[in-house]
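Have a look at the fold, then go through the points below.

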Amino acid sequence: MDFPKLNLPNIEFKTKLVDGNIQVFDIVRKKYFKLTAEEWVRQHFIHYLNLDRNYPLGLMGIEKVIKYNGLRTRADIVLYDNHGSAYMLVECKAPNINITKDTFDQVAKYNFNLKVKYLVVTNGLKHFCCEMNYIEKKISFLNQIPLF
């Protein structure tokens, strides 16, 4: 399975072959998962957040269940602050998926109850980071992902 080079640092992943499927080791969940195009982006972004932006692995939640309007959904990556409050929400898409208003609507739904400071959407090629100001009801796009 060939995946495109992403606009993220190159990472050497621990992989294994199971029943003809490549699986990749997730350093946060500490187990192997089927390597899909979206997982390719998620794993790169986890490493980027940890190694380049200094987010501790222990403050990351991967595929976290979030309740919205009585539905249970899964957020790709939730980063927590040192007090255990959700701080950043990351939605990962496969590289061939364009990031659209629908993608932002999806992450906004996930954030409805969390009220994080930062929302991030990425397909591994393009990354968008918004800083949320709930008091002034403003969203500001940032040029980069903030350091921890």
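The chain has a radius of gyration of 15 Å, and a compact globule with 148 residues would come out near 15 Å, so the two agree. That radius is taken over C-alpha atoms, and the globule rule is 2.2 Å times the number of residues to the power 0.38. This is a predicted model, where local features need pLDDT of at least 70 and side-chain atom pairs count only at pLDDT 80 or more, while totals for chains, interfaces and linings use all residues. Residues are numbered from 1 along each chain as its sequence is written, and side-chain values use heavy atoms, with hydrogens and water left out.

**Overall picture**
- The accessible surface comes to about 8600 Å², and carbon and sulfur atoms hold 50% of it (Shrake-Rupley method, 1.4 Å probe; for residues, only the protein chains shown count as cover).
- Among contacts (heavy atoms within 4.5 Å) between residues at least 6 apart in sequence, 47% join residues at least 24 apart.

**Confidence**
- The average pLDDT (the predictor's confidence in each residue, from 0 to 100) is 93, and 99% of the residues score at least 70.
- Helix 1 has the highest confidence at 97, while helix 2 (residues 101-114) has the lowest, at a mean of 86.

**Elements**
- You'll find two helices and nine strands here; these are DSSP runs numbered from the N terminus, with helices being H or I of at least four residues and strands E of at least two.
- From the N terminus on, the order is β-β-β-α-β-β-β-α-β-β-β.

- Three strands make an open antiparallel sheet in the order 1-2-3, where pairing takes at least two DSSP bridges between two strands.
- Its edges are strand 1 (15-18) and strand 3 (31-34), each pairing on one side only.
- Neighbouring strands are turned by 40° against each other on average, direction ignored; axes are lines fitted to C-alpha atoms, for helices over the stretch in contact, and angles run from 0 to 180 degrees between N-to-C directions.
- Strand 2 (residues 21-26) and strand 3 pair in the antiparallel sense over four bridges, with Asp 26 standing opposite Lys 31.
- Helix 1 (residues 37-51) packs on this sheet, touching strand 2 and strand 3, and its direction makes about 25° with that of strand 2.

- Strand 8 (residues 127-133) and strand 9 pair in the antiparallel sense over five bridges; Asn 133 has Lys 138 in strand 9 as its bridge partner.

- His 44 sits in helix 1 and is buried, because its relative accessible area is 2%.
- Beyond neighbours within four places in sequence, His 44 is in contact with Leu 6, Leu 8, Pro 9, Asn 10, Ile 11 and Phe 13.
- Leu 142 belongs to strand 9 (residues 138-142) and, at 28% relative accessibility, counts as partly exposed.
- Not counting residues up to four places away in sequence, Leu 142 touches Tyr 118, Cys 129 and Glu 131.

Key:
Buried means under 20% relative accessible area, exposed over 50%, partly exposed in between (1.4 Å probe, protein chains only).
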